[in-house]
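Look through the structure first, then read the points below.

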Amino acid sequence: MPEQPGIDAYAAYLPAYVLDDTRLDPTGPARTGGPTRSVAGYDEDAVTMAVEALRHVPADTPAGRHLLLATTSAPYETKTSAGVVHEALGLDPGVTALDLRGHRAGASALDLVLRGVATAALADVRTTRPGAPDELAQGDAAAAFVGGGRAAVLIARAGHTSELLDRWRLPGERHDRVWDERFTAEILVAAGLDTARRALAQASLDTVDHVVVSSSNPRAAVALRKALGGAGQDATVERATGFTGVAHPGLLLAAALDEAEPGQTILLLSATEGADAFVLRVGDGVRAARGGPTVRAQLAARQRLGYGRYLRWRGLLDVQGPARPAAPAPAAPPMHRRAGWKYRLEGSRCDACGRVTTPPGRVCASCGTVGAGTATVSLRDRTARVVSVTRDHLTTMPEPEVAIVVADVDGGGRLSAYVTDVAPGDMAVGMPVTAVFRRLWTTDSIHNYFWKLRPAPADAAPGKDTADGQ
């Protein structure tokens, strides 16, 4: 455990899409100024978003510590979803991967990070029934945190547990059930204020520079921000993303750290099934501690998504698919044998000619040498260049067409992969692309995870490691 508990590195991940209108037939003018929600792509879930956030922070979690995945939307019920994240990151087998469930799991994961015993990803995909009053008030996001002290140091913490029927979902159900928020708001406000005041008293502070409030109850969030003297920056982020479930306290904290100056203080209050309060002092290394783009930059870069397309992605609109068989389910033995390729996108470098073979194999694809290629090369963080584009109109994915590209990786290796987060018609030969971990499809209750390609950031130079957060 570090001498002074806190946060050493952090990153936030917002999907590429935003939903701002829930009208199927928007005959009037486009709505502006209202709430919007962050939307995960059809090939994203809590696991893939957790991987994307964690790729931007140091992945060499020491053996003996824990990797936590906090979520209410785990893709598996009895299987540990954090194990997939662990494999995709290539962590030491000595690092224990654990799932944390429930709406309060985000604050619990942050608490364990601040105690210096875990690295955590907080990720959620939120889905409501079409037409629900809070449809635009729910959103998808992820955040990752590593314990230490560069970004912020923990001054005080306090907690309060209340057994409260606020939001719940039975096994097998898709959508949360919600009790009347007028009833639960009063309880959460009382718990939140008591917890925040105890944490501030423990820190010997009357006020802080930044107040960050996350609550599953929007009425409670508004009342707590007002009572604690918050300036409202957290509410602005929430209005643009929706309440992102387990990820929400981490997302709002990341946004606050993006803007805070060294030496300033932050009160983070999560009021869900009770309350958790953390008082933090921003560290001198807060700028270097951030991995990936800021929350503000990610909000500005999102693409607008139509409501019909959103419903199709979520499986809430039943449409006729292509006349072709379903994609085959992956089998457990080859997934285990080929884990380096499937989960970590590793190729093999030939000892004789130095070329990279993908997928890795005993025979070099370039010179034909048998038994070469003992050196493993990771391609997931390298930029590649598109050499051919194919547009598939018979895809089993919930899109009318997808693009498949062949790309040459800077430094060696060739990839053939689906493209994501971009219109198929916008792909062109010569475009730089980078790899992202996504879910290809689900067959026979088995999620088939692999790597797709998406356009590289504008500042991604050839050969640059695009996961370094710069």
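A helix axis here is a line fitted to C-alpha atoms over the stretch in contact, and the angle between two axes runs from 0 to 180 degrees between N-to-C directions. The model is predicted. Two packed helices are described by the angle between their axes and the distance between the axes.

**How H1 and H2 pack**

- Helix H1 spans residues 46-54, and helix H2 spans residues 82-89.
- The two helices pack at an angle of about 40 degrees. Their axes are 9 Å apart.
- Angles under 35 degrees count as roughly parallel, and 65 to 115 as roughly perpendicular. H1 and H2 are therefore oblique to each other.
- The crossing of H1 and H2 is right-handed.
- From H1, the contact residues are Val47, Ala50, Val51 and Leu54. They meet Val84, Val85, Ala88 and Leu89 of H2.
- Sorted by class, this contact of H1 with H2 has eight nonpolar residues, no polar ones and no charged ones.

**H1 itself**

- H1 is mostly covered, with nine of its nine residues buried.
- The buried residues of H1 include Thr48, Met49 and Glu52. Val47, Ala50, Val51 and Leu54 are also among them.
- Asp45 caps the N-terminal end of H1. One of its side-chain oxygens lies 3.0 Å from the backbone nitrogen of Val47.

**Pro15, a loop residue**

- Pro15 sits in the loop between strand S1 (6-13) and strand S2 (17-19).
- Is Pro15 buried or exposed? Its relative accessibility is 1%, so Pro15 counts as buried.
- Beyond residues up to four places away in sequence, Pro15 touches Ser38, Val39, Ala40, Glu44, Met49, Asp140, Ala141 and Arg302.
- One of these, Met49, is a buried residue of H1.
- Asp140 is 125 residues from Pro15 along the chain. The C-alpha atoms of Pro15 and Asp140 are separated by 7.3 Å.

**His175, another loop residue**

- His175 lies in the loop between strand S9 (167-168) and strand S10 (177-178).
- Why does His175 count as buried? Its relative accessibility is 9%, and buried means under 20%.
- Which residues does His175 contact, leaving aside neighbours within four places in sequence? They are Thr127, Thr128, Arg129, Trp168, Arg169 and Leu316.
- A polar atom of the His175 side chain lies 3.2 Å from the backbone oxygen of Thr127.

Technical notes
Residues numbered from 1 in each chain as written. Predicted model: local features only at pLDDT ≥ 70, side-chain atom pairs only at ≥ 80, totals over all residues. Heavy atoms only, no water. Helix = DSSP H or I, 4+ residues; strand = E, 2+ residues; numbered from the N terminus. Parallel < 35°, antiparallel > 145°, perpendicular 65-115°, else oblique. Left-handed = near helix turned anticlockwise from the far one by under 90°. Contact = heavy atoms within 4.5 Å. Nonpolar A, V, L, I, M, F, W, Y, C, P; charged D, E, K, R; others polar. Buried < 20%, exposed > 50% of the residue type's maximum accessible area, 1.4 Å probe, protein only. Polar contact = N/O pair within 3.5 Å; in protein donor to acceptor, adjacent residues only side chain to side chain.
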